[in-house]
Structure formats: C-alpha cells, structure tokens
Amino acid sequence: MGLNNCCVQRATNFSHHVVQRNWTRVASPQEGFNLKVLHWNILADKLAKNFPKVPEQYLQWEYRFEMIKQHILQVDPDVFGLSELDLPPLYADVVDAFGKLGYHNYFVPKSNKISGSAIFYKKDLFELVQQN
C-alpha cells in the first residue's frame, strides 16, 4: 500500500478493521531527518457512556484499545500524544503495551481527576532530559 492508497484492512490477529489513512506531505523532508508524529484523543473510558447513539461494543475499552494499538502499530510514529487517557488502572495497561514496543512516556493528569494526556516517544531515538 502506498501513501496515497486508502482502504480498510483486517488487523493482524484481530477481528476488527483498521482504516488506512491518506497522508499529505506538506513539505519536503530535510535530508537525513524524518520524524513521524501522531496525536489522538482516545476518549476516556469514563466519558464513553456519554455517546448513547454509538453501539455499546464500540465504546468498550477492550475493543477500543485494541483498535488504538493496531492503528498506532500501523503508523509506527516516533512520537505520539494521547489525550483523554484514563488514570490508573487503564493508564497502566497503555504504558505496559507501548513500553513493550519500545516507548517511554510522560503523563500529565487533568484537573477532572478522570483522565490526562501523555506523550510517548521511542526510547531508542529520544532521551527525556527534563520533566516538570
């Protein structure tokens, strides 16, 4: 599949569909440096009940998290941000899953005490030099 092809493909070892996205290059990359960044508001599990018209199965954390993981694996970003990431224990599941894939993270909880935001980065490419 090229960058400009769009289709739905079945995720490996998972019965859900992962959507291929069209990407538009906005500038020519500098020679020798490419950085792939992704950001996603993943909808805090505790807020998912606020969507009565969405079938229940699609709002279940287990279903959504498998789709999120598959999409992030497909894109293979160097850095990615997740908004509305639940506080522990679900946060721990996310950290564990992406930690096994070589990512470290920095998490900041929101004042709502429900969720927060995290930046994940490939530990073989980046080093955290300061944390607030």
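**Exercise 1.** State how many helices and strands the chain has, and give their order.

*Solution.* The chain holds three helices and six strands, where helices (H or I, at least four residues) and strands (E, at least two) are DSSP runs numbered from the N terminus. Starting at the N terminus, the order of elements is β-β-β-α-α-β-α-β-β. This is a predicted model, in which local features need pLDDT of at least 70 and side-chain atom pairs count only at pLDDT 80 or more, while totals for chains, interfaces and linings use all residues. Residues are numbered from 1 along each chain as its sequence is written, and side-chain values use heavy atoms, with hydrogens and water left out.

**Exercise 2.** Describe how α2 packs against helix α3 (residues 90-99).

*Solution.* Take the axes, which are lines fitted to C-alpha atoms over the stretch in contact, with angles from 0 to 180 degrees between N-to-C directions. The axes of α2 and α3 are 12 Å apart and meet at an angle of about 30°. Angles under 35 degrees count as roughly parallel, and α2 and α3 are therefore roughly parallel to each other. Next, list the residues in contact (heavy atoms within 4.5 Å): W61, F65, K69 and I72 of α2 meet L90, D93, V94, A97 and F98 of α3.

Notes: Angles under 35 degrees count as roughly parallel, over 145 as roughly antiparallel, 65 to 115 as roughly perpendicular and the rest as oblique.
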